[in-house]
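Colleague: Could you take me through how the parts of this chain meet, one question at a time?

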Amino acid sequence: MERQIYLDNSATTRVDDRVVELMKKAFLSDYGNPSSMHVMGINSNAYAEKAGRQLAASLGCEPKNFIYTSCGTESDNLAIIGGALANSRTGKHIITTAVEHPAVTESVKRLTEYGFETSYLSVDESGVIDLDELKSALRPDTCLVSIMAVNNETGAVMPISDAGRLIKENNKKTLFHVDAVQGFGHLALRPASMNIDLLSISGHKIHGPKGVGALYIAKGVKVKSLMVGGGQQENLRSGTLNIPGIAGLGLAAELATKDIEGKRKKLFALKSRLARGVAGLGDIHINGPEINEGAPHILNVSFAGVRAEVLLHALEEKGIFVSSGSACAAHHPGVSAALKAMGLPDKYLTSAIRFSMSEWTTEEEIDYTVSSLGELLPILRRFR
Ligand code: PLP
């Protein structure tokens with residue numbers, strides 16, 4: 001294969017060289033167990049403390065607000081299952097949206113086995129929830145609300161700040177969880193001023209390593225641990241800390257939130273260029289909000305008359321890597337629940353491709369992608 005154009009950054013990202021260097025040091029030199037009492041333990045623990053400070057700076061909170069996990073999925077599980085179980089005195093009603101990642105929907109489903117009841121918020125044709133619907137769904141016994149910051153398939157940005165305000169106006173005891181796995185580094189997130197109690201992030205979506213995530217827990221919020229053992233992380237998540245991963249996550253978070261505005265500008269320009277390019281390619285449909293209202297890095301486009309998987313592999317032949325539906329709902333070809341919830345007709349449901357960029361994506365790569373689509377589509381549409 002001659003070239004590699006990676007437009008699947010919402011599935012995962014290339015790790016930043018600086019992150020790899022730091023992790024190498026933690027793997028090869030400072031490899032003590034952070035719980036050990038000797039100097040090697042102390043040196044190793046210093047990486048976790050630094051990562052805490054970096055994460056805190058990236059969200060404008062205190063370093064002690066974080067629990068390290070193995071991925072975004074585990075952060076979502078801990079926030080929702082652990083949060084709801086610890087807060088069930090408030091009630092056993094949960095609210096979430098119809099377009100969450102399975103890490104959230106499956107956590108909510110697990111709670112139904114323990115007598116919890118769930119309301120799912122619908123989305124409009126651009127994939128965004130309606131605040132009036134949230135307002136009417138809130139009840140005195142709502143113990144937890146979970147709403148994603150950015151949808152992983154369409155890039156729809158949810159009104160997190162307004163949702164947080166409504167939730168707390170209804171009942172201060174209701175916990176607000178935000179899955180920020182796709183939003184972190186692309187939106188300025190400030191949990192305290194947004195009334196967020198719990199917020200999930202994942203290392204591998206922000207040029208950090210796979211196998212590490214974090215859960216922000218606001219001061220005073222109780223969460224029941226799901227992993228028991230040696231009592232690490234104040235008994236909330238036992239298990240020896242993954243110091244290289246945590247160090248990598250901390251640095252990646254610092255880098256990801258360094259110049260959010262500058263990065264957004266660059267990504268929006270690339271996204272607009274791609275949207276303009278695909279506009280001339282026959283019966284297409286952009287799935288999601290207006291270009292500037294969505295996340296800067298995700299563009300979901302349906303190319304009617306071609307099955308998404310067929311187009312995905314044809315693009316792969318040209319060295320272009322994209323997703324059909326959600327790659328994180330691994331190897332489940334089929335219709336996307338999020339796109340279905342937006343009410344798309346069948347011809348667009350089966351032909352949706354997600355392009356997701358990073359700050360390393362170039363204009364030339366976008367132009368090559370558009371011209372490749374221009375070559376492939378007339379041929380593939382003939383064999384519909
Ligand atoms: N939440 C969202 C919105 C995601 O996009 C993903 C992964 O794509 C996850 C959660 C799960 O994160 P991880 O792959 O780190 O488990």
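This is a predicted model: local features need pLDDT of at least 70, side-chain atom pairs count only at pLDDT 80 or more; totals for chains, interfaces and linings use all residues.

Colleague: How far apart do the C-alpha centres of domain 1 and domain 2 lie?

Modeller: The chain is divided into domain 1, made of the two segments 5-14 and 260-382, and domain 2, which runs over 17-256. The contact takes 33 residues from domain 1 and 30 residues from domain 2, while the C-alpha centres of the two domains are separated by 27 Å.

Colleague: Which residues in domain 1 lose the most area to domain 2?

Modeller: Between them, domain 1 and domain 2 bury about 2500 Å², with 51% of that area on carbon and sulfur atoms. On the side of domain 1, three residues together account for 20% of what that side buries, and these are Thr13, Ile260 and Met342.

Colleague: Which side chains meet in a salt bridge?

Modeller: Across the interface of domain 1 and domain 2 there are 17 residue pairs in polar contact, and the rule finds one salt bridge there. With domain 1 including 5-14 and domain 2 covering 17-256, a salt bridge with an N to O distance of 3.0 Å joins the side chains of Arg14 and Asp17.

Colleague: Which element gives the most to the side of domain 1 that touches domain 2?

Modeller: The elements that give two or more residues to this side are strand 10 (298-303), helix 10 (337-341) and helix 8 (260-279). The residues of that side divide into 14 nonpolar, 13 polar and six charged. With four residues, the element that gives the most is helix 8.

How values were computed:
Residues are numbered from 1 along each chain as its sequence is written. Side-chain values use heavy atoms; hydrogens and water are left out. Domain bounds come from an automatic or database domain assignment. Contact means heavy atoms within 4.5 Å. Buried area is the accessible area (1.4 Å probe) that two parts lose on being put together, summed over both. A salt bridge is a side-chain nitrogen of Lys or Arg within 4 Å of a carboxyl oxygen of Asp or Glu. A polar contact is a pair of N or O atoms within 3.5 Å; within protein, one must be able to donate a hydrogen and the other to accept it, and residues adjacent in sequence count only if both atoms are side-chain atoms. Ala, Val, Leu, Ile, Met, Phe, Trp, Tyr, Cys and Pro count as nonpolar, Asp, Glu, Lys and Arg as charged, and the others, Gly among them, as polar.
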